[in-house]
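The sequence and structure come first.

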Amino acid sequence: MRIILGSSLGLLLLLALLHRPLLRAVGDYLIVQDDLEPVEAMFVLSGNSFDRGKEAARLYHEGWSPRVVCLGGEHSPGLQLYDIQDLTFEGTRRVLREEHVPEPAIDSLPEGTSTFEEFVAIERYCKQRGMHKIMVVSSCYHTRRIDAFFRLRLHLAGIELVLRGSHETDIDEATWWKSESGLIFVNNEYIKYFYYWMRY
């Protein structure tokens, strides 16, 4: 009994001491970044238009891509409260314009209500234009799922993927578990990751 009790207390103490690096590792596992390389087009997935749009604008101005393609074919419930019927891609376009990305460099794919649907649209877009090397920008915590389920699909279609993640304004990746938004994002992403394993 003493051995069991001592072992249990020791384990609890170890978890108390290591909970920060363990939780940090849980978040870090979701992040996959490729080295930057010049590409034919950059695709910004729908979701967080502000942060993803700003990261795409930064990469554009650094010269990594001559074209930025905004995705997203669904309405934002939050905007609909104010009778704004914009699709999600339009928010990203707005951010790019505000960040001085020239209009001729911006294209739109008003399609997709899920990551899978967006990648179907991206694959079709690239095949129609004969593109073989692209960049995809999404949230950092979204990149593991993209890497696991779509890199090979694009490779088999003859399309090389450079994957980049944008940081979330309201999430500190070093302490994501301390904020409600961080807890929700990381939890949801693991649920989606396992869902994609079962579905695709």
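The sections below cover the basis of the model, its salt bridges and a nonpolar patch.

## Basis

The model is predicted: local features need pLDDT of at least 70, side-chain atom pairs count only at pLDDT 80 or more, and totals for chains, interfaces and linings use all residues. Residues are numbered from 1 along each chain as its sequence is written, and side-chain values use heavy atoms, without hydrogens and water.

## Salt bridges

The whole structure holds 14 salt bridges (a side-chain nitrogen of Lys or Arg within 4 Å of a carboxyl oxygen of Asp or Glu). In one of them, aspartate 34 meets arginine 151 at 2.9 Å, N to O. Aspartate 34 sits in the loop between helix 1 and strand 1, and arginine 151 in helix 6, 117 residues apart (helices, H or I of at least four residues, and strands, E of at least two, are DSSP runs numbered from the N terminus). Asp147 joins Asp34 and Arg151 in a network of salt bridges.

Aspartate 34 is buried at 18% relative accessible area (buried is under 20%, exposed over 50%, partly exposed in between; 1.4 Å probe, protein chains only). Arginine 151 is partly exposed, at 23%.

Glutamate 189 and arginine 145 pair at 2.5 Å, N to O. Glutamate 189 is in helix 7 and arginine 145 in helix 6, so this bridge ties together parts 44 residues apart in sequence. Both glutamate 189 and arginine 145 are buried.

## Nonpolar patch

Tyr195, Met198 and Tyr200 make a nonpolar surface patch of about 370 Å² (patch residues have over 30% relative accessible area and no salt bridge; like charges are joined within 9 Å, nonpolar side chains, Val, Leu, Ile, Met, Phe, Trp or Tyr, within 5 Å; areas come from the Shrake-Rupley method with a 1.4 Å probe, and for residues only the protein chains shown count as cover). Tyrosine 195 lies in helix 7 and is partly exposed, at 38%.
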